Amino acid sequence: MVKQVLKSFNILQFQEDLLQWYYANKRDLPWRKSQDPYRVWVSEIMLQQTKVDTVIPYYYRFMEKFPTVYDLAEADEQDVLKAWEGLGYYSRARNLQSAVREVVATYDGKVPDTPEELGELKGVGPYTKGAILSIAYNQPEPAVDGNVMRVFSRVLKIEDDIAQAKTRKLMEEYVREVISKEDPSSFNQAIMDLGATICTPKSPGCMLCPIAEHCKAYEEGIQEQLPVKKKAKKQKLMEYVVLLIKNDKEEYLIEKRPSNGLLADLWQFPMIPIAKVNQITDFVFQNYGVHLELMVSKGKLTHVFSHIKWDLEIRAAEAKMGTVTKESARFVKKYELKDYPFPVSHQKMMKYID
DNA sequence: AAATCGGGGCA
DNA sequence: TGCCCAGATTT
């Protein structure tokens, strides 16, 4: 099947046209200044489901704080999460540190250069494994991300649903056949640059495309119809009251979220499910050991995740007595809040604090 | 195979 | 609003 599609495809000419364009037009990105596998690795984790422009400032700060695998391996998890604060998908940060510790312990601090060893590391899936092998170690391995699937679906007119897992495997087969054996690092990065700047999801710039003459979708004028992707289902609504609880020492009650699930290990102000809205003081006393006097509502805000939508009402409260009984909760001064990693939704609430 | 896991930018 | 983004892991 793969060979059949590629029968009428000039692989060598495609490689040359793509690479010539890349050598002349490649983006100047901070993680392209060296082939240090650790630097490549960090960049690839940060770039998962995240735009280049968003990553750049995080990447600079992270590499300054954790320049080598040893610095990251020895760091406190909370410091790593603080460096990741606002970037999202926080399990990436925890998995990265866990994997780096594995590299220090098992591979003497040297990032592995085989698919088998790399694939065993936490947070390193098929894409990241291929990206490290090709970009840092110059091996002709596929690194199939959203860009690659979009470009290849158009160039070869592949109409499979790219939301399905088996389609990624199919794409890897194509890339193995088409990838440059002389410069696989540049080849993979060239496809990504092309996907990010020319072969974009909407209104692709085919008139500027260096490989338009190889593109079956362009030939038929169906580039806007590809790739095929099943629609995502809409977010589930979750409603909470969020309490900004201040005690007589001008401290605020915060708690650490569980180490599994949504926003794992990040901190937040206490959230009360809307179903308990009529028993807030009881709920807080039972769960936190704190007696409350509820104050005015400070306003509402919404926060949208990939699969959940939070509707939040912000409510002030004063702690009257009692000691905090919840293990994961504590009162902290306003100026100490900056030392804890908070999700963006709770950063938005800081402005309601006196 | 489908659900989970964040946040920002864009039309 | 819905869609996409240099995806991986869990169910």
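Reader: Hi! What classes of residue make up the surface near DNA strand B?
Author: By class, that surface has eight nonpolar, eight polar and three charged residues. Here Ala, Val, Leu, Ile, Met, Phe, Trp, Tyr, Cys and Pro count as nonpolar, Asp, Glu, Lys and Arg as charged, and the others, Gly among them, as polar. This is a predicted model: local features need pLDDT of at least 70, side-chain atom pairs count only at pLDDT 80 or more, and totals for chains, interfaces and linings use all residues. Residues are numbered from 1 along each chain as its sequence is written, chains are lettered from A and ligands numbered from 1 in the order in which they are written, and side-chain values use heavy atoms, with hydrogens and water left out.

Reader: Nice. Which residues come nearest to DNA strand B?
Author: Y89, Y90, L262, L263 and S306, out of the 19 residues around DNA strand B. Being near means that a heavy atom of the residue lies within 4 Å of the strand.

Reader: Switching topic: is K246 buried or exposed?
Author: K246 is buried, because its relative accessible area is 17% (buried means under 20%, exposed over 50%, partly exposed in between, with a 1.4 Å probe and protein chains only).

Reader: What is K246 in contact with, beyond its neighbours within four places in sequence?
Author: E251, Y252, A317, E318, A319 and D354, where contact means heavy atoms within 4.5 Å.
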